[in-house]
Amino acid sequence: MTDLATRRRRTALFLFFLMPGLSISSWVTRTPDIRDRLGASTAEMGIVLFGLSVGSMLGVLGSGALVARFGTRPVMGGGTALVILGMGVIGGGTLWSSAPAVAAGLFLFGAGMGGSEVAVNIDGAEVERITGRTVLPTLHGFFSLGTVVGASIGILCTAVGFPAHWHLAAVAAVTVAVFAHALRAIPHGVGRAPAGGRAGGRGRSRRPAAWKDRRLLLIGGIVLTMALAEGAANDWLPLLMVDGHGMDPALGSAVYAGFAAAMTIGRFGGGLFIDRFGRAPVVRASAVSAALGLAVVVFSDNAVLAGVAVLLWGLGASLGFPLALSAAGDSGPDSAARVSLVAMIGYVAFLVGPPGLGFLGDHYGLRTAMTVVLAFVAVAVFLAPAVGTRRETRAASAPDAASPTACEHPSR
């Protein structure tokens, strides 16, 4: 009975990652059409995307406290409901050619995604503890799989000229059905702090201690850089290929689908490399791959070569975020607070990235703006050892598998 319940729970978590991936790629692949429908410039699209960034940041900031108070299930449920509502509002804003309405929809969408992000990862870490198997990279793989499916549908809708607002409304309707099915398998109470821990001084003292953990801050730096690499593609890649490399909108969306496919392959297949080489070498290799792909996209004038290089970008961006979150939860006591802190640092990329890149793109072109992303990703090459130290320490003490420390912080 427990095994069946755990399998259902793991499947439900896969769906909770699949849904936002499907939704965000549906939005991204239609950004050229929505931009034209709104009559917005690159800088104005950056302001519209700022709604997504602010919503995401507020969602992440509140998620840790909400999980501690209510548990993961209501936070995941409420966050996904906001994602669905946001998709509907974005569709309505597109129909009405209202940039403020689209920005408001993106705010709701971002708040839902950011709010449920920490909760789903905490629940996934709990499933890892129960099963003794790595789950988080595969969970993020389902997010990427959702982006592939959504991007493929978006390409088809763009090619046949299907209205963006009806496309987004259909995605919201499908997500409602999946959400109703998945929520039933998530148990109550996971991640909820004891009442005394919330009220007492000890509960409030944990987060400042986490802020003082140098290794945790370095892990947060990796999340920041890799989230920027992933987020820049999610926000700007179709427009980058259309405006920067002269592709038509359908082909630009196809390049984004290739990026999403590369992310999916990296996350589903990355476990083999993680088990063989460890987290730090994999994160370093991922950062190098993303940097090479970005460099070709930025500096090459060959549109075909740039489109192929996007695959390197996607492969490189695939594992940094989930592995850093695993390392954060694995770095000490109170894993919920640590995952929340690192996720919050990572979401700074989503807060400053879209408007910042939009501003630079409006003045210097999107290709030039992407050099900022390239510089940040290069930093991750040097920060990579931060995710591997604790894993190596555990491996060295593997014979003492029954020790409290080994049981408290399972390998991610």
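Is D33 buried, exposed or partly exposed? D33 is partly exposed, with a relative accessible area of 25%; here buried means under 20% relative accessible area, exposed over 50%, and partly exposed in between (1.4 Å probe, protein chains only).

1. Basis of the note. This is a predicted model, in which local features need pLDDT of at least 70 and side-chain atom pairs count only at pLDDT 80 or more, while totals for chains, interfaces and linings use all residues. Residues are numbered from 1 along each chain as its sequence is written, and side-chain values use heavy atoms, with hydrogens and water left out.

2. Overall architecture. The protein has 18 helices and zero strands; helices (H or I, at least four residues) and strands (E, at least two) are DSSP runs, numbered from the N terminus. Of the 412 residues, 57% are buried. Among contacts with a separation of 6 or more, 84% involve residues 24 or more positions apart, a contact being heavy atoms within 4.5 Å. The accessible surface is about 16100 Å², and carbon and sulfur atoms account for 67% of that area; accessible areas come from the Shrake-Rupley method with a 1.4 Å probe, and for residues only the protein chains shown count as cover.

3. Nonpolar core. The largest nonpolar core holds 115 residues, and F16, W27, L237, W313, M370 and V373 touch the most other members. Such a core is a set of buried Ala, Val, Leu, Ile, Met, Phe, Trp, Tyr and Cys residues joined through side-chain atoms within 4.5 Å. Helix α10 (residues 214-245) gives the most to this core, with 15 residues.

4. W27 and L106. Leaving out residues up to four places away in sequence, W27 touches I34, M45, L49, I90, V102, L106 and L168. L106 belongs to helix α5 (residues 99-131) and is buried, with a relative accessible area of 1%. With neighbours within four places in sequence set aside, L106 is in contact with W27, V48, L49, G51, L52 and I90. The C-alpha atoms of L106 and I24 are separated by 9.7 Å, although these residues are 82 apart along the chain.

5. Salt bridge of D33. The whole structure contains six salt bridges, each defined as a side-chain nitrogen of Lys or Arg within 4 Å of a carboxyl oxygen of Asp or Glu. One of them joins D33 to R30, with the closest N and O atoms 3.1 Å apart. R30 is buried, at a relative accessible area of 2%.

6. D243 pairs with R35 in a salt bridge whose closest N and O atoms are 3.5 Å apart. Because D243 lies in helix α10 and R35 in helix α2 (residues 31-38), the pair ties together parts that are 208 residues apart in sequence. D243 is partly exposed, at 41% relative accessible area, whereas R35 is buried at 13%. A further salt bridge connects D301 with R367, the closest N and O atoms being 2.9 Å apart. This pair links distant parts of the chain, with D301 in the loop between α12 and α13 and R367 in helix α16 (residues 366-383), 66 residues apart. D301 counts as exposed, at 67% relative accessibility, and R367 is buried, at 17%. Salt bridges that share partners also join R35, D36 and D243 into one network.

7. An arginine without a salt bridge. R73 is located in helix α4 (residues 72-95). R73 is buried yet has no salt bridge, and the nearest side chain of opposite charge, D123, is 8.5 Å away; Lys and Arg count as positive and Asp and Glu as negative, while His and the chain ends are not counted. Apart from residues up to four places away in sequence, R73 touches L183, R184, I186, P187 and H188.

8. Nonpolar surface patch. I265, V288, L292, L312 and L315 form a nonpolar patch on the surface, with about 430 Å² of accessible area together. Patches are made of residues with over 30% relative accessible area and no salt bridge, where like charges are joined within 9 Å and nonpolar side chains (Val, Leu, Ile, Met, Phe, Trp, Tyr) within 5 Å. The elements giving two or more residues to the patch are α12 (279-299) and α13 (303-318). I265 is placed in helix α11 (residues 249-277) and is exposed, with a relative accessible area of 59%.

9. S318. Helix α13 also contains S318, which is buried at a relative accessible area of 1%. Beyond its neighbours within four places in sequence, S318 is in contact with M263, G266 and R267.
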